Amino acid sequence: MVELTYEPIDAGELFKSVVRPDCGGIVLFVGTVRDLTHGQRTLALEYEAYAGMAKKELQLIADEVQKRWPIGSMRAVHRLGKLAISDIAVAVVVSCPHRADAFDACRFVIDEIKKRVPIWKCDHTPDGAASWVHPGVTS
Amino acid sequence: MTVEVELFARLRDITGQHCVELTLQDGTLPELRRALQSRYPATEMVLRKSAIAVNESYAPESIVLKPGDRIAILPPVSGG
């Protein structure tokens, strides 16, 4: 249900895995590597995790979302390692009986991942520099 | 008490260490932060914004560490 992986994320497979006869609304969020970070060009992003805790936090988020919304099925996957522009870094997919719950639940999961799960990205720029992204800390 | 502390991302780059051993008297989190900062003064800015995990869960600032606890200092996260 929740996963960290060094392999490319297959969004189509994730989508298919949550299709259920009792769910008429499926929301899939896919986060990809963008070529600009605060106006600076990015060549690649490298993700690392405190893996044991990251999996636990992902599972806590999955448990919370299932308490708050009528979830049919959900998956959340975060990729680790070095990613190129447009590679998928994270994907969340949620199926619910109705669309409003699916949108809200999917939004909750991705927002909580970004807030709580101990994963960090290092921004590699074309001039060969690399800097860790820590929101709220000046670099 | 001696504790092993795991470091990530910029904290690991600043210190050059993924894991450091620190000696603490009381085992409080403020003491842990002071001990790391006095050994690696350049960690101050990141440390001030970092969370501390004990046994793979976010720890409240009031927690007291015990020998054998798995401790990690987590700079602000940036997944996604």
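These are my notebook entries on what I looked up in this predicted model.

**Ground rules**

I number residues from 1 along each chain as its sequence is written, and I letter chains from A and number ligands from 1 in the order in which they are written. Since the model is predicted, local features need pLDDT of at least 70 and side-chain atom pairs count only at pLDDT 80 or more, while totals for chains, interfaces and linings use all residues; side-chain values use heavy atoms, with hydrogens and water left out.

**Entry 1: the largest pocket**

I started with the largest pocket, which holds about 410 Å³ of space. A pocket here is an open set of points on a 1 Å grid over the protein atoms alone, where a 1.4 Å probe fits, with protein on both sides within 12 Å along at least five of seven lines; lining residues have an atom within 4 Å of a point. For the volume, grid points are joined across faces, edges and corners, and the space filled by probe spheres set on the points is taken.

Which residues lie nearest the centre of the largest pocket? I found Arg34(A), Lys114(A), Lys121(A), Gly79(B) and Gly80(B) there, out of 20 lining residues. The elements that give two or more residues to this lining are β2 (25-32), β3 (36-37), β5 (44-49) and α3 (99-116) of chain A. Helices (H or I, at least four residues) and strands (E, at least two) are DSSP runs, numbered from the N terminus. β2(A) gives the largest share, three residues.

I also sorted the lining by class: ten nonpolar, seven polar and three charged residues. In this scheme Ala, Val, Leu, Ile, Met, Phe, Trp, Tyr, Cys and Pro are nonpolar, Asp, Glu, Lys and Arg are charged, and the others, Gly among them, are polar.

**Entry 2: a nonpolar patch on chain A**

Phe15(A), Val19(A) and Leu28(A) make a nonpolar patch of about 240 Å². Patch residues have over 30% relative accessible area and no salt bridge, and nonpolar side chains (Val, Leu, Ile, Met, Phe, Trp, Tyr) are joined within 5 Å, like charges within 9 Å. The areas come from the Shrake-Rupley method with a 1.4 Å probe, and for residues only the protein chains shown count as cover.

Leu28(A) sits in strand β2 of chain A. I have Leu28(A) down as partly exposed because its relative accessibility is 34%; buried means under 20% relative accessible area, exposed over 50%, and partly exposed in between (1.4 Å probe, protein chains only).

In helix α1 of chain A (residues 11-17) I checked Leu14(A), which is buried at 2%.

**Entry 3: salt bridges**

Glu48(A) and Arg12(B) meet in one, at 2.8 Å, N to O. This pair crosses between chains, from strand β5 of chain A to helix α1 (residues 9-15) of chain B. Glu48(A) is buried, at 15% relative accessible area.

Within chain B, Glu61(B) pairs with Arg33(B), with the closest N and O atoms 3.1 Å apart. The two are 28 residues apart and link distant parts of the chain: Glu61(B) is in the loop between β4 and β5, and Arg33(B) is in helix α2 (residues 29-39). I noted Glu61(B) as partly exposed at 41% and Arg33(B) as buried at 17%.

Glu44(B) and Arg48(B) make another salt bridge, 2.7 Å between the closest N and O atoms. Both lie in helix α3 (residues 44-49) of chain B, four residues apart, about one turn of the helix. Glu44(B) is partly exposed at 32%, whereas Arg48(B) is exposed at 55%.

**Entry 4: positive phi in chain B**

Which phi values are positive in a residue other than glycine? I noted Ala9(B), near 50 degrees, and Glu56(B), near 65 degrees. Ala9(B) is in helix α1 of chain B and is buried at 0%. Glu56(B) is in the loop between β3 (51-54) and β4 of chain B, and Glu56(B) is buried too, at 10%.

Notes: Salt bridge = Lys/Arg side-chain N within 4 Å of Asp/Glu carboxyl O.
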